[in-house]
Amino acid sequence: MKQLFNNKRISERFYGISLVAVLLIVWQVVSDIELVPSFMLPSPVTVVKAFVKDFPVLMDNLSITLIAGLLGLTFGVIAGFCLAVLMDYRTGLCKAIYPILIFSQTVPTVAIAPLLVLWMGYGLAPKITVIFLVTFFPVTVNLLESFQAADPDQISLLQAMGATKFQIFYYVKWPGALDSFFAALKVSASYSIVGAVIAEWLGGSKGLGVYMTQVRKSFAYDKMFAVIFLISALSLVLLFGLNIIQNKVMPWKKFQLEEDTNNEKKS
Amino acid sequence: MNIYRENKILMDRYQSDKIPILEIKGISKAFDGKPILRDLNLKLFQGEIISLLGTSGSGKTTLFNIVAGILKPDQGVIFLKGEEITGETGHLAYMLQKDLLLPHLTILDNVGLPLRIRGKSKTESRAEALQLIPKFGLTGYEKLYPGQLSGGMAQRAAFLRTYLFHSEVALLDEPFSALDALTKDKVQAWYIEMMQELELSTIFITHDIDEAIRLSDRVVILQPQTQNIQQQIIIDLQLRKQKDFTLRTEFLEYKKQILKYLTV
């Protein structure tokens, strides 16, 4: 059974990897025969060369972006968590905050980022604020929904045991919300990197966003592609890391899944 | 044979000289102005099993929630061993239809949950739960997660958790209904045995008339709130112990009587 599962995963990966390989080859061919001028669309080989050549500079800028991203993400997640808990605890508060919460997400980040720079200067503060604004929302909404979807029978049972509100939260609501918490965390993690880059476009002395603006202005598109791939890779690494953490934190998850698929087979 | 009259006499004799362990006195409850329970009275004696039968909407689960202290009654009081516990949680063991084991805790931690809720430490709770694991036939399952257990085993774990409430009275809301017929018979027989050994007194809700007659000392029929009548039937213990009880005419008599009360 387990063997089969592993093989299935490998073959699934195989399909994904082959498509990427095919796309890369097509891209390389398109650049080689100059279907698109090479200065506009550099070939994969040139991009890799640029990446290798620029590696120290890229890493230097990466660390700045990563610090801003992780700091903003941390604040966003903590605030998102607290907000969800408060809104679940007090229905009135939930009704009051929800409209503002939705409104905050309709404001385009790119539009308010220059304002934030104006108010807070070119330092770390406006960047963290932008990232904070894009990361707390998924956490709050996902957590709040899971808290409120907790099984009322389960809550009744704990109440009958004499459980306090905190104990009900600790034993029922929070563990039940872990799955969607991680889902939200994955969304927020990739938002945080994108948010950091956008914030850096608008000003600053270092960071991947700043570097991107520089190479764009000097028409070094091979370098620009190298940055783009680095940003994607960074998001992927974060997602991968979060997956590993999730499996460590939720060891029971695989049994839940097994049970679900068994039930499906039966019905 | 007039079971009804005989039952009345039995009932009087039954209640006269005993002190109830749990007494439900004059409970009324309405939701949005619609009465669900009206002046309900019920006594549960030491070591007794009562089953509550009633059509949907007769307020069985509402009654349980009130007795367990989760809901407050509009009127009426509840006594446990002579002390009033109206509106207080944590006194009675409560078990619902679903096993409601928490998916993120191992079986050992799940069954020890009532102890944790009362403020005992993790080690203490585990040690205490571990002692009872063999008695409930859960040896080898301690470290597993609920997702790895069959329905019958999960229900056993839920019973052990209920027992670890450390209450002498258990409220069971359709505890057997989620099990398949074969598992059900086994778990029921096992429960009766455990109950006697642990000296638990039980009220349980069921939809199954056969199950009610087979398992309980007394069957209480809750009729829709408007009629405000309760009927009780005492099931003869000697008869119940007979192996062919369910095939006897007396069994059918009980069943007829209950059906009559239910359809009034």
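Guide: Strands are DSSP runs of E with at least two residues and helices are runs of H or I with at least four, each numbered from the N terminus, and two strands pair if DSSP finds at least two bridges between them. The model discussed here is predicted: local features need pLDDT of at least 70 and side-chain atom pairs count only at pLDDT 80 or more, while totals for chains, interfaces and linings use all residues. Residues are numbered from 1 along each chain as its sequence is written, and chains are lettered from A and ligands numbered from 1 in the order in which they are written.

Visitor: Which residue stands opposite Ile24(B) in E4(B)?
Guide: Strand E1 of chain B covers residues 22-31 and strand E4 of chain B covers residues 75-80, and the two run antiparallel, joined by five bridges. Across this pairing, the residue of E4(B) that stands opposite Ile24(B) is Ile78(B).

Visitor: In the hairpin of E4(B) and E5(B), which residue takes a positive phi?
Guide: E4(B) is also joined by two bridges to strand E5 of chain B, residues 83-84, in an antiparallel arrangement, where Phe79(B) has Glu84(B) as its bridge partner. The hairpin has two residues between the strands, and the one with a positive phi, near 45°, is Lys81(B).

Visitor: Is His166(B) buried or exposed?
Guide: His166(B) is in the loop between helix H6 (151-163) and strand E7 (169-173) of chain B, and its phi is positive, about 55°, although it is not a glycine. A residue is buried if 20 or more other C-beta atoms, placed from the backbone, lie within 10 Å of its own, exposed if 12 or fewer, and partly exposed in between. Because His166(B) has 10 C-beta neighbours inside 10 Å, it counts as exposed.

Visitor: How many residues of chain B are in contact with chain A?
Guide: Contact is judged between C-beta atoms, placed from the backbone, which must lie within 7 Å. By that test, 19 residues of chain A meet residues of chain B, whose number is 20.

Visitor: Which element gives the largest share of the side of chain A that touches chain B?
Guide: The elements of chain A that give two or more residues to this side are helix H6 (152-160), helix H7 (165-201) and helix H10 (253-266). The largest share is seven residues, and it comes from H6(A).

Visitor: Which element gives the most to the largest nonpolar core?
Guide: A nonpolar core is a set of buried Ala, Val, Leu, Ile, Met, Phe, Trp, Tyr and Cys residues joined through C-beta atoms within 7 Å. The largest has 73 residues, and those with the most contacts inside it include Val67(B), Tyr94(B) and Leu171(B). Leaving aside neighbours within four places in sequence, Tyr94(B) is in contact with Leu157(A), Ala160(A), Ala68(B) and Leu171(B). The element that gives the most to this core, with seven residues, is H6(B).

Visitor: How are H2(A) and H8(A) oriented to each other?
Guide: Helix H2 (residues 44-89) and helix H8 (residues 208-217) of chain A pack with their axes 7 Å apart at an angle of about 135°, where axes are lines fitted to C-alpha atoms over the stretch in contact and angles run from 0 to 180 degrees between N-to-C directions. Asn61(A), Leu62(A) and Thr65(A) in H2(A) meet Leu208(A), Gly209(A) and Tyr211(A) in H8(A). Angles under 35 degrees count as roughly parallel, over 145 as roughly antiparallel, 65 to 115 as roughly perpendicular and the rest as oblique. The orientation of H2(A) and H8(A) is therefore oblique.

Notes: Two residues are in contact if their C-beta atoms, placed from the backbone, lie within 7 Å.
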